[in-house]
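Welcome, and please open the structure in your viewer. We will take a short walk through it, one selection at a time.

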Amino acid sequence: MDFSIFDELLDGVLVIGLDYKIVYSNDSAKKLLGVKENDFCKGLFSICGSCPLKLVLEERESVQVYDIKTNTDVHACWSMSPLLNGDTCEGVVEVFKDVSNVVSCILESQRQKTYKETILNSIVEAMLVLDEKGNIVEHNNIAKKMLCRTQEESLVGRHVKELVNLSLEELPPEGERADIYIETPCGRQKASTLVSPMQLGFGYVVSFYVIQQDQMSFCDKPDYVFTKSPTFQKILDLVNSCAEHNVNVLIEGETGTGKSLLAKYIHLLSPRRDAPFVKVNCAAIPESLLEAELFGYVKGAFTGATKDKPGKAEIADGGTLFLDEIGDMPLSLQAKILHLVEEKEFERLGSNTSRKTNIRITASTNKDLKEAMRQGRFREDLYYRLNVVNIRIPPLRERKEDIPLLVNFFIEKYAKLYSKKVKFVSGDAMKMLLSYDFPGNVRELEHIVEKAVITSKGSVVGVEDISLDFQNHNYQQKEEKENIKAILEKVNYNKSLAAKMLGIHRTTLWRKLKELGLS
Ligand SMILES: Nc1ncnc2c1ncn2[C@@H]1O[C@H](COP(=O)(O)OP(=O)(O)OP(=O)(O)O)[C@@H](O)[C@H]1O
Ligand SMILES: [Mg+2]
């Protein structure tokens, strides 16, 4: 066969016979491999160790390898094809091209990619690389932790506006850091942001970190009451409109929902804010001492009363008296409390002289006072006196939208307290928190976050830092389920009656039945 048509080709060409001898080699092949005709071809390429010649002959199909090395250490793109003469296979043709430049470009781009990834991930700020339209083309690990709820969620291809609620027009000018609000799975966050446009109009690099969130408070009034929940928002509207008047307020809600916090908040919004806010925990003080605690005593009133002492009702003069856990107020004292509430008048223990005090009264309870009235444990007249404005704080499981907000607030609070660098929780950790029902409400959430801040290592609270009492929770749920079931059976499934017996509202029973899978 005449192979001279290959003589001038820039690609190297070798024709190999069935005996592995070189039948023909063009000038390029000779130059690159230093071979001549009749040499054995073995060892010319790195692929020779598993020479495909037999396979090519048998299958009569070509093979191609994009990067092999020659005996002269050159990277080559190489192929072997059967050399057919009619039906007979007379050998193979190897064609190869020096691709060293291409390979070094690939290696260089891999090196650049590793540099870039290492640099991006060593920066403590979240970084997003955007194309000219604002779509994310690259990001660092911090950005993923901050903006994704799950590990599987991807940022690439999504628009920056969708992720951080920020359009390109709203981005701060080039080179200027600006504090802007961004939407993250952890809620609205204030972030210091820097934008760097890329040359040739390729897009932008946006970097940001979450900063102090003083402005996150629901309003700029003292003490923080955080909420995003429309129900709680309505409560705050009510509080804002009644705080300045001297009306009595009764705050109801499960344990840890923020009743005490709200009572203090009402005081601070009222014109009495500079006078004392005095709290009496009716559940914590033994019945025998409660009267003395509330109204004070005179010398000799009882053994140990060596001098006159004012009670809390007197100390609160000009301010607010907060009767915490009023549901636990002993019946024997309720008449005197009623008198205090109605007339703002009382007598110190052991004295017949009545005294006046200028107080506003707020009260709270986690008990069902209506049921307590039915059972004769709470006076109706006192209930209606205290309950001029009624506030029922919903449990946290009914306003899960508050969880991210509160988590951020507590992270900031405890990071400061324990001098930790923690800034936010990971998406997975937030998801875990959102799936929990918090029987202990905000107080339980606060303790969980405090513990997580203490145990977390870096700037992010992870799933491993969060311990939820699912077991106890499940156990409590089981007990509750059994109890409700037993009562329902007792009253022949009359839900109104069952709610009454359980001391809960009908709608609460309805919700519980759904939650516990009993409806
Ligand atoms: N909306 C809120 N924003 C910020 N912190 C809150 C909020 N609600 C509750 N907290 C915090 O949660 C904790 C529990 O709140 P608080 O003591 O007011 O609850 P409570 O309903 O009075 O509980 P208990 O029934 O046990 O007396 C407190 O540390 C409080 O500051
Ligand atoms: Mg309280």
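Is Cys 242 buried or exposed? Select Cys 242: with a relative accessibility of 7%, this residue counts as buried, where buried means under 20% relative accessible area, exposed over 50% and partly exposed in between (1.4 Å probe, protein chains only). Now pick Cys 148, which is also buried, at 3%. The structure has zero disulfides, a disulfide being a pair of cysteine sulfur atoms within 2.5 Å.

A word on what you are viewing: this is a predicted model, where local features need pLDDT of at least 70, side-chain atom pairs count only at pLDDT 80 or more, and totals for chains, interfaces and linings use all residues. Residues are numbered from 1 along each chain as its sequence is written, and side-chain values use heavy atoms, with hydrogens and water left out.

Next, colour domain 3 (230–392) and domain 4 (396–468); such bounds come from an automatic or database domain assignment. Their C-alpha centres are 33 Å apart. Where they meet, seven residues of domain 3 are in contact (heavy atoms within 4.5 Å) with ten residues of domain 4.

Finally, zoom in on Glu 254 and Arg 397. They form a salt bridge, with the closest N and O atoms 2.5 Å apart; the term means a side-chain nitrogen of Lys or Arg within 4 Å of a carboxyl oxygen of Asp or Glu. Between domain 3 and domain 4 the count is two salt bridges.

Conventions: Chains lettered and ligands numbered in written order.
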